[in-house]
Each structure stands twice: as C-alpha cells, then as structure tokens.
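The entries follow in the order I made them.

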Amino acid sequence: MNNKKSLLKALLIIIVIGLIGYFVYQSFLKKDSDSGVVKIGFLVPTLENPFFVDMTESAKNLENEKLKVFIQASQDELKQNQIIENFIAQGVDAICIVPINSESIIPAIIKANNANIPVINVDNKINLESAKNQGAVLATYIGSDNFEGGQSAGEYIAESINEQGKVAILEGVSGNDAAIKRKGGFEDVMKRYPNIQIVASQAADWNRQKAKDVFDAIMTANPDLDAVFAANDEMALGVIAAMKNKRIALDSIIVVGFDAADEAIKAVELGELNATIAQQPKLMGAEAVRLVLSIVKKESVKDSYSTPLKVIK
Amino acid sequence: MVKSTDTILNIKNVSKNYDTNQVLDNVSMSFSKGEIVSLYGPNGAGKSTLVKIICGEENADSGEVMLNDNITNFKSYSDALAAGISYVPQEGGLMENLTVLENLAICLKNNLKIKNFNKKAIRSLIAEKHYFESLASLLDVNVVLISAYEQQLATIFKALMMDSEIFIFDESTTNLNPTDFVKFKEILIDLKKGGKAIIFISHKLDEVFDISDTVTILKEGKVISSNKIQEITKLEILNLFKSKLEVDLHKETNNLTPLCEIQILKAELNQSEFYLSKGEVLCIDSNDTVFKYQMGYSIYEELNKVKGLKVGLIPALRDSEGIFPNLSVEDNLLLNVINQSKFRKSTKKDEALNNIVTELKLKFENWRQNILELSGGNRQKVILGRWMLTDFDVLVLIEPTAGIDIESKTIIHNLILKLRKDGKSFVLITSDQGEQEMLTTRFVSFKNDFKEVC
Amino acid sequence: MLKKIKKYNLLVMLLVLIIIFGIINPAFLQPSNLLNILTQNSIIGIVSLGMTIVIIIGGIDLSVGSIVAFCGLVLALLLTLNIPLIAALLITVVVGSFFGLINGVLIKKGKIPAFIVTLGLMSAIRGGGLLFSNSKSISIGGSELNSILNTKLFGVSFSALIFIVLSIGLWYLLKKTYWGKYIYAIGGNEKAARFNGIQVSKYSIIVYVISGLMCGIASILLVGSLNSAQPQAGQLYELTAIAAVVIGGASLAGGKGSIFGTFVGVLILGVIQNGLSILNVPSYYQYILVGFIIIVSVLIDKNYNTK
C-alpha cells in the first residue's frame, strides 16, 4: 500500500517537473518552423447541413503546403465564441465566421481584433451597427445578396405568370435582415410590372406550420391567386401542404422558395414546387479563403462581396 | 442417525487480510456429510468472511477450499450455488421490489430449471415443502412490506428450496421466534439425515448447543478449538472469551419522577396511551413482531413532538436505518452533535470520543476508517455511541443487540443499566427473552389487539 | 487513504491528457491557452458545483440549463431597461434561487421524484424563456459586465476567479461545516438521517436552492461573455454537469462526491474539448472520447472502492 502511494507521488512529481521544464523550453525556443504557412480558422454553425459541408469542403480543397484550413462547427453561441478563442490560442492568421447569432459573436471578434487576427464574416451577417458600437472590426464580408435573390425570384415569377396577375409574399421573422432583403428585392422587381398586384404580404417566421396557416387565410381571401413567393423553403413547403389539404391543383399557383434545401430540390424535381433560389456555398467558401490570402498579402479588399445566386427550376 | 465421516468440504490454511487487518489466519477445518457444524465466536472473529470465501463472494489471500477433493475456484456465489452450496447471508438476499413468490421463483428458475414463470407450478412446489406456515399468506406481498423476521424466514426458505449438498446459515436465526426455531431445527435434522453438510453461525449459545454436532470456535481469525458438542460446556466456551454478564436484578422502581405521557393515535396501533418516567426501561411487547416494531417507531415520532425532550432511536435494521455507509467512524459518531459549538474544539471533541471508545470498548483502526469496515457489533456500538454523545432523555431501542456477539451484547446491556441509574429513560422492543428480563422495569404488552399493563 | 489515491488518479488523468495534447500540438501548452480553458469552463463549472451537492444528497437536477437560459434573459432584459448593474445581478440570482426553491419544495414536500420534477421544470422554464423573449435573443450591446468579466488578475480572468472562489466556498461548506456532514449523511442514508433528527426536507431544499443560485451566477457569466442572452442557451448543460460530477467520483446513488473531484472533472472535459479543437479534430470524436472518459473514470473509482 505504502509502496503504491509513494510510487504515485513520484510519478506526480516527475510529471510536474517535466511540465515545468517543458514550459521553460517552450518559452526559450522560438518556433519558426511554420512561418510562411497561412493558417485559417473556419467556423460554421453545423456540419450536418450540406450547405455548410459544401462551403467548408471547397475551402479545404484549396489547402496546400502553404495553406492550412481548420474547420470547427457549433450551433451554440457560447461554444462559437470559445472556438474563436481557441483559434486565437492556436495562432491562426485569419478567421472566417458564419455566426449563429449576429450579436453574441461580437465579444469574440473583439478578442480576435486584439490579437491582430483579421475576421472575415461569411454568409450570416454580423450586426454591423452593434459591432461598431462595441468597437469590433471586420476585415470584410462575403455572402449572397438576399436582395438580389429576392429579385431573381421576382423575375422568375413575373415570367411564369406572363407579367400579370395576383401574387402573395410569405415573409421571414419580422425585423430579420435576410427577411427584409429578400422581400425588398422581390418587391423591387414587382414595381416594374404594373399588371402584377401584390395582394398579400405576411410574416410566417421561416416556419412551415405557420406558413401553412397563413397561406390558408390568404387563399380564402384571394381564391384567384396566381403566384406566391416564400422567403425560405420551409415556408414554401408549408404553402404546398396547404394547397394539398384544400385539394387545389398544384400547378394552378406558382410557388417559389428560397435556399435550395434538399427537400425543396426534391419538390422541384417532383413538380410540386416551381422554383427555389440557390445560394452557392462552394463559391462562398472558396472566395472566403482567397480573400484571406489577399488580406494576408496586405492587398486592399472591399467591405463586402456577394456571390451570385441561381434559380433552380 | 446416519453417522458418516465422509468429508465433503475441506478448508486448508486459508488466510485473508483487509489492508493491515488480518481477518483469517491460517484457518483449516473440514465439514462432513450428515453433520451440523457451528462456528462460534465474537464479531470480527472471521466467521462471515470464512463462509464468504467458501461461497466465492470473497477471495482468500492464500490457502485453498476443496469441495469433494477438488480445489474450488468460484468467481461468485452463483458458481458456488451451481456446485451445490446454499448460503443464507446475514442480511439481504431478497429483492425488495419483488413479491416473496417472485423471489422464490427466481431461484427456482435458476436451479430447478423451471423454464417459464408459471405461478401455479411454483405455488404447488412451494406447498410441497411447506416449511413455514406463516409464509404461506405472504407469498404475494412485496418483500419491502414484510418484517425483518418474515424476510429471514423467506431467505431461509429460499435456500432450502435448492437441492444443495452444503447449507450455510449465517446468523439466520436472530429474528426467529421459538416456534419457528423448533421448525428450523427439525428441518436441519431432516437435511442431516439426508446426508447434507450444514454450517451454522449464531450468537445464541443455546441454539448452538441445541442444534450442532460439532462446535468450532474462532477468535481473531484463528481456530482456537473444535469439539464434539458432548465434549464441551457452555461455561467452558464463555470462559474462552472471559466475558462476564453483570446482571443487575435490583430494579428500584419506586421514587420515579414522571417524564411525559404519550398518545399513539394511529388506528392500526390501537390508539394507545402510555406514560414514561425518568430512569425506567419500558418494554413494549407483543406476539406480533411487525406491530411491535411499528409501535417503536411511532413512540419515537410522538416523543419527538414533546417540547424540550431529547429523544433518540436505535432502529431495528442496523445497516439500512442506522448507519451512514458513506461516512467515517468519527463522522458516524459525531453526526448528532456536530452542530454544537463545543464539539468544534478538537480537545473537547477528542475527549468525548475517547470516553465513548473506552466505555463501549469500540474496536476499530482509525477515526477516518469507513464504518462499513467495522463488524456488526461495533457498528451497533457506534449507533449507541452517537446517542451517548448527545444529552438524550429517552432512547427508543428496537432490537438493540440482534445479531451481535455476546461480548458486545454484554457491554451494551451494562451501559443501558448504568445510564438508567443516571436517570435516562428507555423504551425497549426486543425479541430476545433474556434481554427483556434483564433490562425491563415495566412492561406494556399487547395481545389479541388488547392492551395489558403488567 | 483510498480517497486520496482516487484524487491522485483524477489528477494523473488530467495531466496525462494535458501532456498528450501538448506533445501533439505545443500551442496547447501556452499558458494563455491553459488559462483560456479555465475561463471557458467556468460557466459549466459553476453549474457543476451546484450539481455536485444535488447528486451528493442523492438527487438530480435536470433543469439547470433552462434556468441558466432564463436567468440570462432576465439579466439581459434588466440591463436593456438601464437598471443598475448590481440590482440586475441580484435579481438574476434571486430568480435562479427561486427556481431551485420550486424544485426542492416539489421534490421534498410534494414527494415527487427529483428526476420527474426537474425534467418538468426543464421543459417549463425553457418554454417560459422562449415565451417572454419572444424566442429572440436579447442584446445588451457593449457592456460594463463584459469588461468586468474580462478583467484579468495575475492573468486569470474574472470569470475563472468567480469559479475558483465558488469552488473553495462550497468545498469549505461541504468539508468543514456540520451543514456539509448533514448533506453527506442524507445522501448516504436518508432514513437513518431522519431517525437522527436531521431535518431532511429543509437541507434538501437548501441544496436545490443552491443549485438554482449557481445557475443564476453562471447565467451572469454567460450573458457577460456573449453580450447578449439567448432563449436556447444552456442546452445539454445538465448532461455535461452530471458527466463532470461523475468523473469527479460522485455516485448517482448519493452520499459520495466532492467539490475537488468535480473541479478536476470539469477541467478534464474542458481540456478534451479545447485540445481536440486545437488539434482540429471534428467534434464527433470529442463526444466519443468524453463518453469513454466517463466510463473509465467510474470504472477506476469502482475498482478502488471494492478493493
């Protein structure tokens, strides 16, 4: 028994001394082996969504002996911030962030700023006003322009209904940046077609169930509706469900979604959904890495870049 | 009587240590078919450890156990059971959330190869044996609801249902009443005639002499004698332990100042009323064990409601109701007084603790030792010591000496007598006739639901 | 003595992990990163402290994550209403303690199993938080709170200091006061505790209140580090906290466990997370390793106990 105890003590002492020695060794020895290698920390909300898988894989594909990309994912606000702290500790040269929350990420960005690590905002936008107030600085932003996406949806619908008829909009959560932009882009196009009338525009909070109920009410009020733009695919699928419930022929109303979610793409293939607006995550990921390389080379970059959108029909 | 000398079980030079504590020291003995051997000795002598080694519940540090000339290598009790050894442990052994019948059925399924849970078949099998009539009405009752005494019957019955060659009873008779003991003895004699080997452990010397063919005496991990029962007397055995029984027969019951009156209003307890005086031992007795125990707990609860009265309880089930299994000896002793400022001073505390140790002759290694490393008798002493540290007025004792050795028992009895003289009151509930006679100053006895005061 | 060896075991496990990660990637061993681990885990650490005493009395508290989220929302709301910081902090911890009180009273007076009560409250409080925040996060902008929590004393952040101070405080309560002994006694044998005149209900309720209080304090650190509060925050905190407590040597049957063990348990989980993240290992492997560590630590503990 006593032997065991002293053995453990000895082991502990050896470990502690070893650790201290290692610290000292570390502080004297300057690492220069990895100079010239650009290390990028890439933070996304999740790797279960193909959107972010595409984005990070395209970034990873650019890796070479002079470029390393570290990918981490979390859907928890606090963990996202901790991952950024870890990136900083790891000594990365730049951080690309797709934030889960446009506000709570700001303290972490300030920490990166203090460590002189440039931060590139990808896709989900950080609240710039809030960031400014708190003194956080972003190197640049890259993502799809939701306004442009709304415009594409508008063009498609106008064409499909021969530039005349009644249309409805299902909006995202009120006040949400993407929701405002998508709706704004769509309305912008509609203004150009005097024969198209927007008969309803209501929020359904990105939610399928809610979209179904809201669309039920819209259809009751406007039985002769020609087209509907849902600001995301969830809501578009809610619209289709509502039509199926009321036994309305699916081809009597044009339905357009947004995001090109798997389920929506399937619905397009089945002919249930007319179109969905696709962002191009691969392009975003690759562009983000290229922007980092420009920033590291001290080339000047714009405040914001947008990747084009595609209409899947 | 078939007197066979066929040795079935041989124990050779078995030793066992727990840390620095040698529990068994080079023990050798043998057991034969058709013989009842009693193991006798104080708590901590190593009796329970020895039978646990036989059953594969513990491993010996050295030495071997040979069954029919083959070295046994049991990993657990289930191996021993398969090899024909039935073991009735001191406590536990039944699954509390199941009924008595289900408990029996589980062992039958394992051993008699009854494939399905067929209640009818099991019932008829049980009826064939009808060892204890009192169990018949309890078959469908959950074990948790039956008394310690009935649990003991069920545990014994469970072991007897198995068709084993060797039966081991470790303190299995502590709660049995005389009628059941007679029945138990008959069963053992039947088994003996059938050529089974029986190992019997009891603290009751009368029972040992009543039942056994051979009595083997263990003390501090060593075999100190092994004799045919005819060749030794009770007195000789008691002398081996040099323990004296100081019996105080002067029960001065006059000049007692009344302490309090209690009312038990529970309908199932006959709505009784008692009074209690200073310095007396009030014994509550009944032919119904469950009733008696419930009475004890209710009296404790009622006394607790009396303002200014400090009441203690020594519960019937030492391990599941009395001790704190996760705490040390010191913490177990100090638990009721740690909120008093005087016990925060280490000098005062040590003095009080040392007093308890000398008065109770508490045997342990160090204060930080876990209570579970102590023997049953010493655990009980700790529970008593816990209350002695407080300045209690009344102590309710339920089976205060069940299952503990004669030495500890004497110490506890002497202490109760002494505390009574100091003016402390006791409420005693016990199944031990001797204890009852020795300690009691006044009886309240219940029979057929009527209260009789003697 | 056995207990001491067990404590060494946990420390050895922690040191081995640190050394392995350090060898693979020296960046891990930078003092700033090690301090980072302490800071990052102070929130879950504080929740685990409360969970430790709950588990010692043989209970469980599944509602911790929801309480943290709710208290965070309360704090953020109060701060956006320009209520003085001290008052807002006090109200937040009172709200947390109040939820603990509800847990304790329902469990002990209502005689409903702890698992059920706290499962119910976990759901109800989460729902309440979503309701009153309208399922949106509440931002407090650049705040006093954030700058206070990021203040460093001898290189250690204020958040980490709060965790350390609370650990020492609870350690003292558990080991040096009769209150602590009662908690262990109740967890070890509730029936015997009752027969020795310990007010089991009272002490158990206090324990749940402390757990709620710890959640309140944790929520302050959470809001401070995010400058905002989210209704979905603190999910799975209950499981992480239970894991840390169990790694620290507690038994879910009650009566066993220590603040020291939990402290090391939290650090072990934190080191794994940080280390694997720095090594750029996908988070799936973190889950696997954490599961492995939980089982191994309990296994070691069991072997030492039965031996």
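This is a predicted model: local features need pLDDT of at least 70, side-chain atom pairs count only at pLDDT 80 or more; totals for chains, interfaces and linings use all residues.

**Helix pairs and chain totals**

Helix α8 of chain A spans residues 208-221 and helix α9 of chain A residues 233-245; their axes come within 7 Å and cross at roughly 50°. I therefore logged α8(A) and α9(A) as oblique to each other.

I then listed the residues that meet. From α8(A) they are A:Arg208, A:Ala211, A:Lys212, A:Phe215, A:Asp216 and A:Met219. On the α9(A) side I noted several, among them A:Glu234, A:Met235, A:Leu237, A:Gly238 and A:Asn245. By class, the contact of α8(A) with α9(A) divides into 9 nonpolar, 2 polar and 4 charged residues.

Next I turned to chain B. Helix α6 of chain B (residues 148-160) and helix α7 of chain B (residues 178-193) have axes 13 Å apart, at an angle of about 10°. B:Tyr149, B:Leu153, B:Ile156 and B:Leu160 of α6(B) make the contact with B:Asp180, B:Phe184, B:Ile187 and B:Leu191 of α7(B). I classed the residues in the contact of α6(B) with α7(B) as 7 nonpolar, no polar and 1 charged.

Last, I took totals for chain C. I recorded 14 helices and 4 strands in chain C. Of the 307 residues in chain C, 58% are buried. The accessible surface of chain C is about 12100 Å², and 71% of that belongs to carbon and sulfur atoms. Among contacts in chain C with a separation of 6 or more, 78% come from residues 24 or more positions apart.

Notes. Residues are numbered from 1 along each chain as its sequence is written. Chains are lettered from A and ligands numbered from 1 in the order in which they are written. Side-chain values use heavy atoms; hydrogens and water are left out. Axes are lines fitted to C-alpha atoms, for helices over the stretch in contact, and angles run from 0 to 180 degrees between N-to-C directions. Helices (H or I, at least four residues) and strands (E, at least two) are DSSP runs, numbered from the N terminus. Contact means heavy atoms within 4.5 Å. Ala, Val, Leu, Ile, Met, Phe, Trp, Tyr, Cys and Pro count as nonpolar, Asp, Glu, Lys and Arg as charged, and the others, Gly among them, as polar. Buried means under 20% relative accessible area, exposed over 50%, partly exposed in between (1.4 Å probe, protein chains only). Accessible areas come from the Shrake-Rupley method with a 1.4 Å probe; for residues, only the protein chains shown count as cover. Angles under 35 degrees count as roughly parallel, over 145 as roughly antiparallel, 65 to 115 as roughly perpendicular and the rest as oblique.
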